Amino acid sequence: MAAGAVITVRLVRSFEHRNFKSVVFSGVDLDQQVEDFIRLVRDDIATRPGLLPPFRKHAYDTMKIIHQAHGAKTNELVMSLDDDDKLILQDGVSLRAAGVANETEVAFFRREDYGVFKAKPVTLW
């Protein structure tokens, strides 16, 4: 795929408050390693115009597939709490091998925050 893929990254700042912002990345090489893509996203959001400082400075460390093109979407507003073993992207594999394809949407979040929310999934609104 010479042109690269379009990947939407949902920056999850807070699960409890459902605070997230979606950012689109075009021309993504699906054969790059997961950790390289995470580094690319971190570097990009640190200087992306129009992105508020709380989203730029958050300590994101984990990605999880939320939705694939032409697939069913979850009813969860931020992301599904199921199938972590299949959907959380692991270091040392390519995006393609991890299940990422063109027009995939992934969440980018702090794993510690996710663990706390998953143990007690209560939203504050």
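Colleague: Which residue does V9 stand opposite in β4?

Modeller: V9 faces V106 there. Keep in mind that this is a predicted model, where local features need pLDDT of at least 70 and side-chain atom pairs count only at pLDDT 80 or more, while totals for chains, interfaces and linings use all residues. Residues are numbered from 1 along each chain as its sequence is written, and side-chain values use heavy atoms, with hydrogens and water left out.

Colleague: What makes β1 and β4 a pair?

Modeller: Two strands pair if DSSP finds at least two bridges between them. β1 and β4 have 4 bridges, in the parallel sense, so they qualify under that rule. The strands themselves are DSSP runs of E with at least two residues, and helices are runs of H or I with at least four, numbered from the N terminus.

Colleague: And how do you know that β1 and β2 pair?

Modeller: Here DSSP gives 8 bridges, and the two strands run antiparallel. L11 has K21 of β2 as its bridge partner, and S14 has N19 of β2. The two strands form a hairpin with 4 residues between them.

Colleague: Why is R18 called partly exposed?

Modeller: Buried means under 20% relative accessible area, exposed means over 50%, and partly exposed is in between, using a 1.4 Å probe and protein chains only. R18 comes out at 24%, so it counts as partly exposed. E103, with 48%, is partly exposed as well.

Colleague: Then why does E105 count as buried or exposed, whichever it is?

Modeller: E105 has 13% relative accessibility, so it counts as buried. This residue lies in strand β4. Leaving aside residues up to four places away in sequence, E105 touches T8, R10, S22, K64, I65, I66 and H67, where contact means heavy atoms within 4.5 Å.

Colleague: What makes β1 largely enclosed?

Modeller: 8 of its 10 residues are buried, so the rest of the structure largely encloses β1.

Colleague: Which strands stand at the edges of the sheet, and why?

Modeller: The sheet is open, has 4 strands in the order β2-β1-β4-β3, and its pairing is mixed. β2 and β3 each have a single partner strand, so one side of each has no neighbour in the sheet and these two are the edges. On average, neighbouring strands are turned by 30° against each other, direction ignored; the axes are lines fitted to C-alpha atoms, for helices over the stretch in contact, and angles run from 0 to 180 degrees between N-to-C directions.

Colleague: Which residues of α1 are buried?

Modeller: V34, F37, I38, V41 and I45. They cover an arc of only 100° around the axis, so they lie on the same side of α1; the arc is that of the directions from the helix axis to the C-beta atoms. D43 and T47, on the other side, are exposed.

Colleague: What do the buried residues of α1 pack against?

Modeller: They pack against β1 (5-14), β2 (19-28), α2 (53-57), β3 (62-67) and β4 (105-109).
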